[in-house]
Number of protein chains: 2
Amino acid sequence: QESQAPLWERYADHGGIRFVINAEHPLVASLCTKLSSDDATSLRVLLDSISAALPVEMIYSDYSTHPREVSQTAADHDQALDRLRSLKQLLYGDGPGDPQAFLRIVLSTHLFDGQIEMTEKFIAEAFA
Amino acid sequence: QESQAPLWERYADHGGIRFVINAEHPLVASLCTKLSSDDATSLRVLLDSISAALPVEMIYSDYSTHPREVSQTAADHDQALDRLRSLKQLLYGDGPGDPQAFLRIVLSTHLFDGQIEMTEKFIAEAFA
């Protein structure tokens, strides 16, 4: 169901294997268009830093010893509605927007894993 | 030498092990203060999404089969000076700034790993 481009991309080439944040992802692209040129450049340098500083050895070490305990999704029911509203505002402002595209983008964030019913209910109401 | 707080933090508690972007890191905090309230909220949701969507299984799988090939730092000499200027502008604007603190923050990004001489030369000149 997640056919939206992912937030993280894996590159494998002569330089090795790298995991990089997808700068073309709609959330990144939308935020960049709202910022001043200087702030958009800062955001890109921040995202490049987040990729470069990714602690791959530590992730490997934890996952190899405790695979079931490593879980990036901390379902946060209190924040979920606020986050959905914020994502809709970022992507579509006060315009109409596309509920199917929105669902795909929302799934790609993995912020709402395990809360799919609530997410679909929000979309049905917010895009009515 | 890197005593600056890292960009990624590892949490281990009853909910398991999680890797989360440090929202208190000076780059994140500085960018947030420059943005409107809505855009700062969007940035936080984006950073939470980047953490939630981190492909830990894929990282584990690659690292376990090709440990030497996984390398997040793609030294980019062409962009290095522009990135250093952008980081200095984001953190200190046109003010004086602290060269020691700046070096620690720069190291924490891992964007300039392997380019320490060039980095120190930039700092010596830019903070003269």
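1. In which helix of chain B does B:T109 lie? B:T109 belongs to helix α5 of chain B, and since this is a predicted model, its surroundings are described here as computed from that model. The residue is buried, with a relative accessible area of 0%, and a polar atom of the B:T109 side chain lies 2.7 Å from the backbone oxygen of B:V106. Leaving aside residues up to four places away in sequence, B:T109 touches B:L7, B:L27 and B:L87 in chain B, as well as A:S49, A:A52 and A:A53 in chain A.

2. The interface between the two chains can be described in several ways. In terms of contacts, 51 residues of chain B meet 51 residues of chain A, and the area buried between these chains is about 5,000 Å², with carbon and sulfur atoms giving 70% of that area. Across this interface there are 16 residue pairs in polar contact, with both residues at pLDDT 80 or more. The elements that give two or more residues to the chain B side are β1, β2, α1, α2, α3, α4 and α5, and α2(B) gives the most, with 12 residues. By class, that side has 28 nonpolar, 14 polar and 9 charged residues.

3. Helix α2 of chain B, which covers residues 37-52, has 16 residues and reaches 23 Å from its first C-alpha to its last, close to the 22 Å expected at 1.5 Å a residue. Among the buried residues of α2(B) are B:D39, B:L43, B:L46, B:L47 and B:I50.

4. The structure holds 10 salt bridges over all chains, and the count between chain B and chain A is 6. One of them pairs B:D48 with A:R83, whose closest N and O atoms are 2.8 Å apart. In another, the side chains of B:R83 and A:D48 meet at 2.8 Å, N to O, and this pair crosses from helix α4 of chain B to helix α2 of chain A. B:R83 is buried, with a relative accessible area of 8%, whereas A:D48 counts as partly exposed at 28%.

5. Two further salt bridges deserve a reading. B:D62 meets A:R10 at 2.7 Å, N to O; because B:D62 lies in helix α3 of chain B and A:R10 in strand β1 of chain A, the pair joins two chains. B:D62 is buried at 6% relative accessible area, while A:R10 is partly exposed at 38%. The side chains of B:D39 and A:K34 meet at 3.3 Å, N to O, in a pair that runs from helix α2 of chain B to helix α1 of chain A. Here B:D39 counts as buried at 9% relative accessibility, and A:K34 as partly exposed at 38%.

How values were computed: Residues numbered from 1 in each chain as written. Chains lettered and ligands numbered in written order. Heavy atoms only, no water. Helix = DSSP H or I, 4+ residues; strand = E, 2+ residues; numbered from the N terminus. Expected span 1.5 Å × (residues − 1). Buried < 20%, exposed > 50% of the residue type's maximum accessible area, 1.4 Å probe, protein only. Contact = heavy atoms within 4.5 Å. Buried area = accessible area lost by both parts, 1.4 Å probe. Salt bridge = Lys/Arg side-chain N within 4 Å of Asp/Glu carboxyl O. Polar contact = N/O pair within 3.5 Å; in protein donor to acceptor, adjacent residues only side chain to side chain. Nonpolar A, V, L, I, M, F, W, Y, C, P; charged D, E, K, R; others polar.
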